[in-house]
Amino acid sequence: LGDLALATAQAPFTVGRADAAQQVPALLREAREAYLASLALRPSWPRAWASLAAVHYGLGDRAAYLAAWQRAQTLGPNEPDVQSMLLDLALLDWNQAPAGMQAWAMKLFEQSDPGRRTAINQRAQVFGLQFVDE
């Protein structure tokens, strides 16, 4: 349910609605409740923590966003879907991201094979960023 509510909140057909200012936060709150219920049953699930971080980011709750991001990274440091979600959040928040979050993203890039580096840079370009090989 959390994934559905989050995807609906981020969908162009929702964001473009005249009542988006009310609909998007309501959907994000619905997603938050679903993820919290899920985490009550399985508190060590990193993907739910990563999704919860996205929800908190969307709701503007910076402290909760950063805490959930860190929890997801701690619990699922090698899970590709978790890495992907956390990278998107780090890139989205790059100018305000804590140094540790930026360092994590740069390390992910540096430790990746050439194909994944290309994919990471393609994602970064969406946000006007680029990682450089040293």
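# Salt bridges and helix packing in a predicted model

D3 counts as partly exposed because its relative accessible area is 38%, where buried means under 20% relative accessible area, exposed over 50%, and partly exposed in between, with a 1.4 Å probe and protein chains only. The structure is a predicted model, in which local features need pLDDT of at least 70 and side-chain atom pairs count only at pLDDT 80 or more, while totals for chains, interfaces and linings use all residues. Residues are numbered from 1 along each chain as its sequence is written, and side-chain values use heavy atoms, with hydrogens and water left out.

## Salt bridges

A search of the whole structure finds six salt bridges, a salt bridge being a side-chain nitrogen of Lys or Arg within 4 Å of a carboxyl oxygen of Asp or Glu. Three of them are set out below, among them the pair formed by D3 and R47.

| Pair | Closest N to O distance |
|---|---|
| D3 and R47 | 3.2 Å |
| D81 and R47 | 3.6 Å |

In the salt bridge between D3 and R47, D3 lies in helix 1 (residues 2–10) and R47 in helix 4, so the pair ties together parts that are 44 residues apart in sequence. Helices here are DSSP runs of H or I with at least four residues, strands are runs of E with at least two, and both are numbered from the N terminus. R47 also forms a salt bridge with D81, and this pair likewise links distant parts of the chain, with D81 in helix 6 and R47 in helix 4, 34 residues apart. Through shared partners, the salt bridges join D3, R47 and D81 into one network. R47 counts as partly exposed because its relative accessibility is 24%, and D81 is also partly exposed, with a relative accessible area of 36%.

The buried residues of helix 1 are G2, A5, L6 and A9. They cover an arc of only 95° around the axis, which puts them on the same side of helix 1, the arc being that of the directions from the helix axis to the C-beta atoms. These buried residues pack against helix 2 (12–15), helix 3 (20–41) and helix 4, where contact means heavy atoms within 4.5 Å.

In helix 5, the buried residues are Y65, A68, W69, A72 and Q73. They cover an arc of only 135° around the axis, which puts them on the same side of helix 5. An α-helix has 3.6 residues a turn, so residues three or four places apart point the same way. The cover over the buried residues of helix 5 includes helix 4 (46–59), helix 6 (80–92) and helix 7 (99–110). The 14 residues of helix 5 (residues 62–75) should span 20 Å at 1.5 Å a residue, and its end C-alpha atoms are 20 Å apart, which agrees; the expected span is 1.5 Å times one less than the number of residues.

Q73 lies in helix 5 and counts as buried because its relative accessibility is 17%. Not counting residues up to four places away in sequence, Q73 touches L86 and W104. Q83 is placed in helix 6 and counts as buried at 9% relative accessibility; leaving aside neighbours within four places in sequence, Q83 is in contact with P77, N78, W104, L108 and R116.

L92 lies in helix 6, and at 41% relative accessibility L92 counts as partly exposed. Together with V126 and F127, L92 makes a nonpolar surface patch of about 280 Å². Patches are made of residues with over 30% relative accessible area and no salt bridge, like charges being joined within 9 Å and nonpolar side chains (Val, Leu, Ile, Met, Phe, Trp, Tyr) within 5 Å.

Methods. Areas by Shrake-Rupley, 256 points an atom, 1.4 Å probe, with all protein chains shown as cover.
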